[in-house]
Amino acid sequence: MTTVVGMIPVAMVLRAAVLTSALLAAVALGPRPALAASECEFGPPGSAWVETSVTVEERGHDTAVMRSTTRVGVPRDWPGAAALFAAGGADGCLLPAGGPSTSTATMSPDGAEVVVQRTQETPLQSYDMEWETEVAGLWSSRTSGRTRFVALQLSPAGLPPGLARARWRAVAVRTPDSEVRAVMPLPSEVRPGHTYVWRDAAAPPRVEVALRMSARSAFQRWTGSGGQKVLTVATCLGFALPYLLLAGLLVLPGRRSADRDERALVRIVLGTLALITAVEVIAAVLLSGTLFPAHLIGLTDAGAVLILAAPLCAAAWRRARPRIRRAGRAPTGSGRTRPGPTGPASAGVVLAGAALVAVSGFAPLARRYVHEQADPAWVASAVATASLLTGAAWVIAVRAARVPDRRTPRAVRALLRWSVPGLALTTLAFVAHAAVTGLRTWGYLPDVVVSPFFLLRNLAYLMWPLVVLLLLLLLRLHGRRTEAVGPLTAWLVAFLFVVGTIRWPSTYAGMPVPLAALAGLAVLSLLLRLTRRAEPADPGVSRRRLAVIVEEHRALEAREKGLRRRWAAGDMDDAAYHRENEPVVERIGRLRGEIGLDPRREDGLTPLDLALARGPGSSWWANARLASRYATYVGAPAAVFLIWATWSTDSMGHDGWLDRLREPNGFYGLAGDLIGGLLIWPVAGFVLGALWRRLPGRRGYLKGAVPVLAYGAATGAHAVLNNLIGQAPVRGSLVRILLLFLVLTVVAVLMDARTLQTRPGGLASRLTPVAVVYRLGTAGSGIALIVAQAAAILGLWTQLRHGIDITSQVDTSTQAPPSTDAQLFQSRPGG
């Protein structure tokens, strides 16, 4: 293991160098955004007409959006008409350039005109926008106080040259979600939904509409100006609060524990939490108030590199120090000392690798602050940061995995073998995607690519799987020492459920708050306390022997009931009844005594109740491992479905992952969705198995109700607050809850089947005992299982049938009627 620890950072450095070269070459050779022509080479058309509209919406989005649609018709004999059908043709003569937009060119029905249409959407930011102008097509927006002014651009010099002699057939403003304070000039027509139309003007009308900002938008604007410090502190707390709660839970047991391994593992977990939250702490301190110039001179970027390099150097020094001491005390034949063959050398390799990557991160930073002109070499600092982050995560995971028994488990080794290269590829792909997308969209490199601090701040939101791994290792250590779930173990399991299934923070009116995580943690802890039941005693026999006793006990009870029924019907006399029934009762008593139950059956328990309550594992840790494995298999189709549904549409109802990848942070969001969609199922199964003996219900399929209710409360709290403040409505919460219920129910049935299995065989032989116990086909508990599963499947099918997307914040189940501009344009014969 020493050789691996020393050589992997060097391999990562070499790979990072190769990937850096490839990335810089791709950036240097990548296409540059084309600049729109400032003059019209074809000259203005002799006649033209214009129809333009703007829609300002807030409901259904986290921020207000201004969407502009402009249609221009020109004669077919205009020299530039043919060029309108070519990509990047003459539409710059007729339509304003700037910003992402979609353009189409069509021929009028009579063939006399060519009609070109452009639609552009611009988010209306509420942060630091006092009297600053945002543009979408021919329209502009500015804010003052709590008023937003939407106006048609008034300067004739700002209009495209092809519209110099155009006739303005229709100008429309639509504000369905905002209160209108003033409209000027008087419109030609007022339609429902705060829609105002001006028709047939020879010159551009001086249209301006004053809108009252919503309370949410006004709050967002306040946090961006006077409340900036409050927003910064809230952002830090919103991200770090669950981690701080977990750290507070571990501090006291870590100090009082007499187990050396537990103290070491707790220190590793606390150090990891400090590493993850340090980035937000830097943001709260250096990006607010008078210390903001520290970011301008590069202190935040240098701090990000040092934060990542510190764990690598600390791990290398920790391994090298004792071996260096021993080597210094070992005399050689010449009276000199000789270092050990592997320890200091491997530690030196780690130190050299960390130093090399850190220097390669600092060098581009120095070049960046000396030369103001953009340079593709700046990307090397982000690549170095990504490599350092991968190395730090690898060192933490390997060190934590080796704590309990000084040997990395096979499952953890497999996880590290796949997760660490995956993390490296994810971070480097994120850098490459952000660089290429930023150059194509804006023409310059975004901050997330040239600043290690901003890159680390984004990637810190993807580090929660590392916390899940550390919690699993800590629970593994507890599981080897105790057979019962103690208070500390229960809290750790609750935190694992929150971290693994509920991601934070969610943003409400621009304020990050971990509401869903805190609600899920509180509800799960409360339900565990209210429904707590005494853990069943150890029967003192193996699982297979207990399953045999359950099967024989049920057969003896059935025989006893049959004899009693015959005696009550008069088919047997008293002597015959006692003669045949006494051996049955004696055998039942011996079987019950063998597993620690009252032979006289006065405790009201049966071997079946004892077996199902304990689960198939010999300890809570064994139950957790088995349930996690079952949930991984059963949840695979659900994971595929969730990822597909999440990527099929984005949060605004657009065309999914292709549209999301056009944004510089789109890859980061897709990576988070992928990790969350894959990790939620094994974590939920692990929690179900760990709490199996404490959860209520005599049958396994009832035990999943507690985690499902906690998950439902978390998503419900998030949805309720979104609806209360008029923010983006949450879609797909019910689908996620139903999927979790279905998966955990199937896992619970498989756990019961494993508990009652008496002989090896296929799936049919395993499910036969549990089918008999559930009494499928009769009026028993199996009916409740069938009804619950059927209701869940029906609810899931109903949700999907109506087209409610998993992540879409726009209700696509009902198509809205044609917008005002569409109705207006369709009413014109030239359109």
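Is Trp-620 buried or exposed? At 1% relative accessibility, Trp-620 counts as buried. The legends below describe close-up views of a predicted model.

**Figure 1. Trp-620 and Trp-621 form an edge-to-face aromatic pair.** The structure holds 4 aromatic pairs. In the pair shown here, the ring centres of Trp-620 and Trp-621 lie 6.0 Å apart, with 85 degrees between the planes. Trp-621 has a relative accessible area of 14% and is buried, as is Trp-620, at 1%. Together with Phe-686, these two residues, Trp-620 and Trp-621, make up one aromatic cluster.

**Figure 2. Phe-239 and Tyr-243 pair within helix α3.** The structure's 4 aromatic pairs include that of Phe-239 and Tyr-243, whose ring planes stand at 75 degrees with the centres 5.8 Å apart, so the pair is edge-to-face. Helix α3 spans residues 228–256, and the two residues, being 4 apart in it, are separated by about one helical turn. Phe-239 is buried, with a relative accessible area of 1%; Tyr-243 is buried as well, with a value of 4%.

**Figure 3. Two arginine residues, Arg-142 and Arg-169, lie over aromatic rings.** The charged end of Arg-142 is placed over the ring of Phe-149, at 4.3 Å from the ring centre. Arg-169 is positioned over the face of Trp-49, with a distance of 3.8 Å to the ring centre.

**Figure 4. Helices α13 and α20 cross with left-handed geometry.** The axes of α13 (residues 487–501) and α20 (residues 666–690) come within 9 Å of each other and cross at roughly 165 degrees. The two helices are therefore roughly antiparallel. On the α13 side, the contacting residues are Val-493, Leu-496, Phe-497, Gly-500 and Thr-501. Their counterparts in α20 include Leu-679, Ile-680, Val-683 and Phe-686. Phe-686 also belongs to the aromatic cluster with Trp-620 and Trp-621.

**Figure 5. A cis peptide bond joins Met-184 to Pro-185.** Omega of this bond is near -10 degrees. Pro-185 is located in the loop between β9 (179–184) and β10 (189–191). Most peptide bonds are trans.

**Figure 6. His-194 and Asp-200 have positive phi values.** Most residues other than glycine have a negative phi. Phi of His-194 is near 55 degrees, and this residue, His-194, lies in the loop between β10 and β11 (195–201). His-194 is partly exposed, at 33% relative accessible area. Asp-200, not a glycine either, has a phi of about 50 degrees. Asp-200 lies in strand β11 and counts as partly exposed, at 48% relative accessibility.

Key: Residues numbered from 1 in each chain as written. Predicted model: local features only at pLDDT ≥ 70, side-chain atom pairs only at ≥ 80, totals over all residues. Heavy atoms only, no water. Phe/Tyr/Trp six-rings, centres within 6.5 Å; stacked < 30°, edge-to-face > 60°. Buried < 20%, exposed > 50% of the residue type's maximum accessible area, 1.4 Å probe, protein only. Lys NZ or Arg CZ within 6 Å of the ring centre and 35° of its normal. Axes fitted to C-alpha atoms, helices over the stretch in contact; angles between N-to-C directions. Parallel < 35°, antiparallel > 145°, perpendicular 65-115°, else oblique. Left-handed = near helix turned anticlockwise from the far one by under 90°. Contact = heavy atoms within 4.5 Å.
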